[in-house]
Amino acid sequence: MAHDIGRTDLGDHSGFTTRAVRAGQQRSQFHETSEYLALTSGYTFATAAENAGTFAGEVEHYNYSRVDNPTTTMLCDRLAALDGAEAAWPVASGMAAIFYTVLALTRSGSRIVSSRELFGSTVGLFTLMEERFGVHVDYVAATDMREWERALSTPAALVFCETPSNPVMRLVDLAGVSALAHQAGALMVVDNTFATPVLQQPLRFGADVITYSTTKLMDGQGRTVGGAILGTESFIIDQVKPWTRCTGPTMSPFTAWTVLKGLETLPLRVQAQSNSARQIAQALEQHPNVEQVLHPDLPSHPQYDLAQQQMEGGGQMLSIVVSGGTQGAHAFLDRLSLIDISNNLGDTKSLAVHCATTTHHSLTPEEREVAGIPDGLVRLSIGLEDVHDLLDDITQALA
Ligand SMILES: Cc1ncc(COP(=O)(O)O)c(C=O)c1O
């Protein structure tokens, strides 16, 4: 977005980690090294005409922080640079990012085709949209191209998926499903929260819109709740911004500043956490009390080849199915002494959760079965602790 206050020009320095540290930075008249935090709700104008000009769209000047703010602009420019998107828009949470994307792309009677394997609140949102606003949602199995083909043989407004999915780590073939979405006249929307642009860049495979919960790896240290929508400039300005301007799901400048600082270390953290998750997944595959390990880097993952094609690493999330169903899973969690029980994820601290009784408790047992979430499933978000300490903690808790 415009409003230059001293934009950093990266020139030819376009490496991913360089962009993570510097893209989008604008310096104030004080030439600070760190991104500055514009903790202000309003802005002042030299003249009444200048003020009026911002309302008429003729003067480039921040106008009100419900609409935009210098620190959130820096975050958006950095996020767009990391995914190769034209533009990004900040919102108050990952769920707000999905909701405003759906609002921008649908109207009463519109059809959404979505993978079935989704974060629980996303299913809740789609159900509300169906019940209250007459949007129709058809679900397909994330991994089944024939189901995608069938569902997208008739027109749709929006195709939605999460890949890898929460918590069963199923993948969607981004190139294949994006092509089918376009044939059906739909935009392809990907919730890329688990992979982040470090491990997967959906626009490179034909997707049109990306949503993030910045709450997770982008903040990375469990401090703030936020979200972002990425897409073309016209999608963001003409279709998303009118909704957010009038309804106010604004990301606070402080959250944007925290996430900007988080992005600087995102490549390092994600690679390190993803490597630890792979090591733990490999070790747990041999454990007698673990019935199944789900991680895209394991050759036993049913979509290992697809993971190799569209991801740069399987990520820091892994799920295990422990023996003994819900009781076994709760006993395992209660015995953990280093890893915390928490339904959050993407922190430097390792976290574990029993999905059937928390994140996915609103699904019926039948819906959980269809979504592939057995009662013994525990989701682990691997942090930055020493991997040997983590393995020791998990194995003593499984004993
Ligand atoms: C894949 C995925 N998408 C979206 C969300 C929602 O994010 P937020 O909690 O920031 O609204 C979550 C939260 O766990 C998630 O795991």
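A residue counts as near a molecule or strand if one of its heavy atoms lies within 4 Å of it. This tour uses a predicted model: local features need pLDDT of at least 70, side-chain atom pairs count only at pLDDT 80 or more, and totals for chains, interfaces and linings use all residues. Residues are numbered from 1 along each chain as its sequence is written, and side-chain values use heavy atoms, with hydrogens and water left out.

**Stop 1: the ligand**

Select the ligand and its surroundings. The ligand is surrounded by 14 residues. The closest are G94, M95, D191, S213 and T215. By class, the shell has four nonpolar, seven polar and three charged residues. Here Ala, Val, Leu, Ile, Met, Phe, Trp, Tyr, Cys and Pro count as nonpolar, Asp, Glu, Lys and Arg as charged, and the others, Gly among them, as polar.

Now look at polar contacts. These are pairs of N or O atoms within 3.5 Å; within protein, one must be able to donate a hydrogen and the other to accept it, and residues adjacent in sequence count only if both atoms are side-chain atoms. Pick G94: a polar backbone atom there is 2.8 Å from an oxygen atom of the ligand. At M95, a polar backbone atom is 2.9 Å from a ligand oxygen. T215 uses its side chain, with a polar atom 2.6 Å from an oxygen atom of the ligand. On its own the ligand has 390 Å² of accessible area, and the protein covers 91% of that. Accessible areas come from the Shrake-Rupley method with a 1.4 Å probe; for residues, only the protein chains shown count as cover.

**Stop 2: T193**

Move to T193. Where does T193 sit? Its place is in the loop between β5 (187–191) and α8 (196–199). Helices (H or I, at least four residues) and strands (E, at least two) are DSSP runs, numbered from the N terminus. T193 has 9% relative accessibility and so counts as buried. Buried means under 20% relative accessible area, exposed over 50%, and partly exposed in between (1.4 Å probe, protein chains only).

Show the side chain. T193 and D191 are joined by a side-chain polar contact of 2.5 Å. A polar atom of the T193 side chain also lies 3.0 Å from the backbone nitrogen of S213. D191 and S213 were both among the residues closest to the ligand. Not counting residues up to four places away in sequence, T193 touches T211, Y212, S213, K216 and L217; contact means heavy atoms within 4.5 Å.

**Stop 3**

Most residues other than glycine have a negative phi, and most peptide bonds are trans. Go to the loop between β4 (158–162) and α7 (174–183), where P164 lies. The peptide bond joining T163 and P164 is cis, with omega about -5°. P167 lies in the loop between β4 and α7 too. Its bond from N166 is also cis, with omega near 5°.

Stay in this loop for M169. M169 has a positive phi, near 60°, and is not a glycine. Is M169 buried or exposed? At 1% relative accessibility, M169 counts as buried.

Then jump to T196, in helix α8. T196 has a positive phi of about 60° although it is not a glycine. T196 is buried, at 1% relative accessibility.

**Stop 4: helix α7**

Select α7. At its N-terminal end, D173 is the cap: a side-chain oxygen lies 3.3 Å from the backbone nitrogen of A175. Which residues of α7 are buried? They are L174, G176, V177, S178, L180 and A181. An α-helix has 3.6 residues a turn, so residues three or four places apart point the same way. Show what the buried residues of α7 pack against: α6 (145–151), β4, β5 and α11 (304–310). After α7 comes G185, with a positive phi near 80°.

**Stop 5: cysteines**

Select the cysteine sulfurs. The structure holds zero disulfides, a disulfide being a pair of cysteine sulfur atoms within 2.5 Å. C161 is in no disulfide, and its nearest cysteine sulfur, that of C355, is 19 Å away. C161 is buried at 0% relative accessibility. C246 is exposed, with a relative accessible area of 64%.

**Stop 6: I237**

End in helix α9 (residues 233–247), at I237. I237 is partly exposed, at 27% relative accessibility.
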